[in-house]
Amino acid sequence: MKQRPVYLDLPRIRLPLPGIISILHRLSGALLFFAGIPLLLYGVAGSLASPEAYAEMKAGFAHPFAKLVLIGMIWAYLHHFCAGIRYLLLDIHRGIELEPARRSSAVVLVLSLALTLILGVRLW
Amino acid sequence: MDWLIQRLTAVLMAVYTLLVLAIVLWNGGIDYGLWTELFAHAGFRLASFLFMVALLYHAWIGMRDILMDYIKPAGMRLLLETVTVVVLFAYLGWTLQLLWGQA
């Protein structure tokens with residue numbers, strides 16, 4: 001097997017912004033797989049049965065801890081959504097030069113955080 | 001092929017998301033009445049089913065890519081991939097029950 005250079009001086013590895021967006025895309029995707037999908041199914045299934053069940057579900061999600069989890073899921077969905085659209089645009093060769101690619105990753109990061117903040121404040 | 005499916009499912013999910021968002025905004029929020037009315041609609045249930053199938057397929061490709069990149073021992077990777085598939089089928093069963101099951 002070929003000896004490849006191994007570069008594992010972690011503090012010296014400075015991930016550029018598009019790289020951060022990429023790793024957050026994976027992280028948010030995994031979060032949605034483990035927690036987002038079951039929470040979505042649990043919430044929808046539980047709230048449809050009766051007005052009482054709906055009110056109960058609403059009250060359950062009003063707990064501060066549940067709200068924090070929900071805000072985390074909202075961020076994961078929004079980040080995954082925005083970063084995903086950026087990747088789709090890159091796929092059709094929109095903004096593939098270095099500068100636009102850096103700028104669009106900043107937009108993804110800020111936009112998804114800002115939308116999470118707005119929805120989070122409304123939820124709280 | 002997976003590359004294309006990952007993108008097609010993404011677009012489908014984005015359209016569904018915007019559709020649901022539009023319905024909620026159009027009605028100025030959501031309550032139990034609107035919520036059940038929505039799910040009583042066969043078309044909405046079908047759209048929701050397509051969304052979930054797209055989501056689960058998309059999640060499979062994504063999780064498999066993550067496992068391929070970070071889990072090197074083949075046995076361990078196979079085990080985790082199997083667990084992922086089982087979980088995805090459980091989600092699918094839950095979805096079917098929720099959309100067409102008896103309460």
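The crossing of α1(A) and α4(B) is left-handed. In this predicted model, the axes of α1(A) and α4(B) come within 10 Å and cross at roughly 15°. An angle under 35 degrees counts as roughly parallel, and α1(A) and α4(B) are therefore roughly parallel to each other. On the α1(A) side, the contact is made by A:Ile37, A:Leu41, A:Val44 and A:Ala45. These residues meet B:Tyr91, B:Trp94, B:Thr95 and B:Leu98 of α4(B). By class, the residues of this contact comprise seven nonpolar, one polar and no charged.

Considered as a whole, the interface brings 17 residues of chain B into contact with 17 residues of chain A. On the side of chain B that touches chain A, two or more residues come from each of α1 (2–26), α2 (32–40), α3 and α4 of chain B. The largest share, five residues, is supplied by α3(B). This side of chain B has 13 nonpolar, three polar and one charged residues.

Within chain B, α3(B) also packs against helix α4, which spans residues 74–100. The angle between these two helices is about 170°, and their axes lie 10 Å apart. Because angles over 145 degrees count as roughly antiparallel, α3(B) is roughly antiparallel to α4(B). The α3(B) side of this contact includes B:Arg45, B:Phe49, B:Met52, B:Leu56, B:Ala59, B:Trp60 and B:Leu67. Among the residues they face in α4(B) are B:Arg77, B:Leu80, B:Glu81, B:Leu88, B:Tyr91, B:Leu92 and B:Leu99. The residues of the contact of α3(B) with α4(B) divide into twelve nonpolar, three polar and four charged. B:Tyr91 and B:Thr95 of α4(B) take part in this contact and also in the contact with α1(A).

The largest nonpolar core contains 19 residues, of which A:Leu32, A:Phe33, A:Ala83, B:Leu55 and B:Ala59 touch the most other members. Two or more residues of this core come from each of α1 (17–48) and α3 (64–91) of chain A and α3 (42–70) of chain B. In soluble globular proteins, nonpolar side chains tend to be buried together. B:Ala59, one of the core residues with the most contacts to other members, is also among the residues of α3(B) that meet α4(B). When residues up to four places away in sequence are not counted, A:Leu32 touches A:Ile37, A:Ala76, A:Tyr77 and A:His80. Of these, A:Ile37 also belongs to the contact of α1(A) with α4(B).

Key: Residues numbered from 1 in each chain as written. Chains lettered and ligands numbered in written order. Predicted model: local features only at pLDDT ≥ 70, side-chain atom pairs only at ≥ 80, totals over all residues. Core = buried A, V, L, I, M, F, W, Y, C linked by C-beta atoms within 7 Å. Buried ≥ 20, exposed ≤ 12 C-beta atoms within 10 Å, placed from the backbone. Helix = DSSP H or I, 4+ residues; strand = E, 2+ residues; numbered from the N terminus. Contact = placed C-beta atoms within 7 Å. Axes fitted to C-alpha atoms, helices over the stretch in contact; angles between N-to-C directions. Parallel < 35°, antiparallel > 145°, perpendicular 65-115°, else oblique. Nonpolar A, V, L, I, M, F, W, Y, C, P; charged D, E, K, R; others polar. Left-handed = near helix turned anticlockwise from the far one by under 90°.
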